2 protein chains.
Amino acid sequence: MVIRHDAIGDPAAAANSDHMITFEAIKARRNVREYDNRPMTNVQLDQILEAGRRSPSSQNSQPWDFVVVTDEDQLRRLSAVWFGGAHIAGSAATVALVVAAEDAARSRVQFDLGQATMSMMLAAAAFGVGSCHSAVGDHELARELLAYPADKTCALLISFGYPVARPLAPIHEPDRRPFDDVVHCGRW
Amino acid sequence: MVIRHDAIGDPAAAANSDHMITFEAIKARRNVREYDNRPMTNVQLDQILEAGRRSPSSQNSQPWDFVVVTDEDQLRRLSAVWFGGAHIAGSAATVALVVAAEDAARSRVQFDLGQATMSMMLAAAAFGVGSCHSAVGDHELARELLAYPADKTCALLISFGYPVARPLAPIHEPDRRPFDDVVHCGRW
């Protein structure tokens, strides 16, 4: 699949994208581990990757590269890089976040990867596309399949696709601590 | 200021919020360090904090508490916790992200803080509200002003407010590496 970067920002594409307003997407985003076989469009993939590319990072270091995989056989093989990575096999697309191996454990890189991950997941949620992130256990397999340079490592993978069951929609009662427990006004 | 949590999800409030679609908010988000003196509404603060509360985290650990500050004098004093924190003084609101002191340096906590930060910044951007994050240098001062328990630490602060100059709008040419440099299709 060729990523059509020129589709980004195309008003016609945006108008046709059935895009959620931001707070709806925030409320609708959830981890999805079982995907149906509906493919994603190039516009959707472009916007998700563009969301990652635009993410802020410490001193604008942009410590990441993104390898996007949509080939069915490659996705199946990639799902073996982590014992909890089965969701990758059935995804419409999976994005590998690759960083310099020597920096991967740095706090600021991890913080920035969290920012990029959230931005991509929310860009997906706006289309009704679910996501799930996966750690990497078998780094040799990941490197063989994704072919990144020796001084890089795959920090995590994010799978994307339409949920096989319940479509993405704003969640009214998320499984989270109560608002008044988490939020303190003025002082703790 | 009292946070009106009951305003969250109010359809009338949402309809009045002039909320951007998700990809517009992603393109419009930027660091803003100079704020005008226009206050933020309770609905806006609620949605930003709710975006943080809903963020995903490792094993749903939700390692954070949020202390939201809107008092002008307290903001001015809080701005001294970091040499680069002057933007806090002029913000309409600043949220302190507080975590267990012994976990603050863990990769997964930093990753999760990145996710929560991005979600809050995008929720703000959807209203045209800019944001900027700040590190904490003077932890004693932060603790004195925010009164969190001894076993907690303030990991970062995020200030929010309307930009004093150029309003938030989708950025066409962000200061980032080119898309085709960052994104690899199939393999590196």
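Predicted model: local features only at pLDDT ≥ 70, side-chain atom pairs only at ≥ 80, totals over all residues.
1. **Symmetry.** Start with the relation between the copies. Two copies of a chain are related by a rotation about an axis and a shift along it. Here a rotation of 180° superposes chain B on chain A, with 0.0 Å of shift along the axis and an RMSD of 0.0 Å. That is the relation of a two-fold axis. The same surface serves both copies, since 100% of the contact residues of chain B recur in chain A.

2. **The interface.** In contact are 60 residues of chain B and 61 residues of chain A. On the chain B side, several elements each supply at least two residues: helices H2 (22-28), H3 (42-53), H6 and H8 (179-182), and strands S1 (64-69) and S5 (183-185). H6(B) gives the most to this side, with 12 residues. By class, the side of chain B that touches chain A has 31 nonpolar, 17 polar and 12 charged residues.

3. **H6 against H6.** Look next at the helix spanning residues 107-125 in each chain. Two packed helices are described by the angle between their axes and the distance between the axes. The axes of H6(A) and H6(B) come within 7 Å and cross at roughly 45°. The crossing of H6(A) past H6(B) is right-handed.

4. **Residues of the H6 pair.** H6(A) brings A:Phe111, A:Leu113, A:Met118 and A:Leu122, among others, to this contact. H6(B) meets them with residues including B:Phe111, B:Leu113, B:Met118 and B:Leu122. A:Asp112 and B:Asp112 take part too. The contact divides into eight nonpolar, 12 polar and two charged residues.

5. **A sheet with strands from both chains.** Strands of a sheet pair through backbone hydrogen bonds, either parallel or antiparallel. Five strands form an open sheet in the order S5(A)-S1(B)-S2(B)-S4(B)-S3(B), with mixed pairing. S5 (183-185) of chain A and S3 (130-134) of chain B are the edge strands, each pairing on one side only. Neighbouring strands are turned by 25° against each other on average, direction ignored.

6. **The strand pairs between chains.** S5(A) and S1(B) run parallel and are joined by three bridges. A:Cys185 has B:Val68 in S1(B) as its bridge partner.

7. Which strands of chain B does H7(B) lie across? Helix H7 (residues 139-146) of chain B lies across S1, S2 and S4 of that chain, running at about 75° to S4(B).

8. **H3 and H6 within chain B.** The axes of H3(B) and H6(B) come within 8 Å and cross at roughly 155°. That makes H3(B) roughly antiparallel to H6(B), because the angle is over 145 degrees. H3(B) passes H6(B) in a right-handed crossing. H3(B) contributes B:Gln47, B:Ile48, B:Ala51 and B:Gly52. H6(B) answers with B:Ala116, B:Ser119, B:Met120, B:Ala123 and B:Ala124. By class, this contact has six nonpolar, three polar and no charged residues. B:Ser119 also belongs to the contact of H6(B) with H6(A).

Definitions and conventions
Residues numbered from 1 in each chain as written. Chains lettered and ligands numbered in written order. Axes fitted to C-alpha atoms, helices over the stretch in contact; angles between N-to-C directions. Helix = DSSP H or I, 4+ residues; strand = E, 2+ residues; numbered from the N terminus. Left-handed = near helix turned anticlockwise from the far one by under 90°. Contact = placed C-beta atoms within 7 Å. Nonpolar A, V, L, I, M, F, W, Y, C, P; charged D, E, K, R; others polar. Least-squares fit on C-alpha atoms with pLDDT ≥ 70 in both. Pairing = 2+ DSSP bridges. Parallel < 35°, antiparallel > 145°, perpendicular 65-115°, else oblique.
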